[in-house]
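Hi everyone, thanks for having me. Let's take a short walk through a protein model together, and please keep the picture in view while I talk.

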Amino acid sequence: YLKNENHYLDLNAFYQQKRDYFIDGLSDSNFKWQPSEGTYFQLLDYTNITDDRDEVFAKRLITEYKLASIPISSFNVNNRDDKVLRFCFAKKQETLDKAISILNKF
């Protein structure tokens, strides 16, 4: 794998394309975001959608829609809840399409 430089030199563009595809698909949604940099995760602010704690909203997405996210309060001092969830966009396009479809319902 490492003998072919394109395998690793093209990774930035590859994942930026996936990130852009994900957030472009949410452009008409009620979520707010700043495009992420240097990661496979995109943070989505859901303050325009619900007042639920991030852990509650994340659990609802899993149980009702089979869509996984990571509540950011888990990383904050005293579990401060900023109404932000973390979504991985390092997925197949069909998986991203399903996530976009679900998230656009909110």
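Let's begin on the outward side of helix α4, where Glu94 and Lys98 are exposed. Keep in mind that this is a predicted model.

Now, which residues of α4 are buried? The helix covers residues 93-103, and the buried ones are Leu96, Ala99, Ile100, Ile102 and Leu103. Looking down the axis of α4, you'd find these buried residues within an arc of 165°, so they line one face of the helix. Here's a handy bit of background: an α-helix has 3.6 residues a turn, so residues three or four places apart point the same way.

And what do the buried residues of α4 pack against? Their partners are α2, β1, α3 and β3.

Let's move to the loop between α2 (11-25) and β1 (41-45), where we find Ser36. Is Ser36 buried or exposed? Ser36 has a relative accessible area of 12%, under the 20% cut-off, so Ser36 counts as buried. Leaving out residues up to four places away in sequence, Ser36 touches Arg19, Phe41, Gln42 and Phe89.

Last stop: backbone angles. Most residues other than glycine have a negative phi. Lys66, though not a glycine, has a positive phi of about 60°. Lys66 sits in the loop between α3 (54-65) and β2 (70-71), and Lys66 is exposed, at 73% relative accessibility.

Asn79 also has a positive phi, near 55°. You'll find Asn79 in the loop between β2 and β3 (84-88), and with a relative accessible area of 37%, Asn79 is partly exposed.

Technical notes. Residues numbered from 1 in each chain as written. Predicted model: local features only at pLDDT ≥ 70, side-chain atom pairs only at ≥ 80, totals over all residues. Heavy atoms only, no water. Helix = DSSP H or I, 4+ residues; strand = E, 2+ residues; numbered from the N terminus. Buried < 20%, exposed > 50% of the residue type's maximum accessible area, 1.4 Å probe, protein only. Contact = heavy atoms within 4.5 Å. Arc of directions from axis to C-beta.
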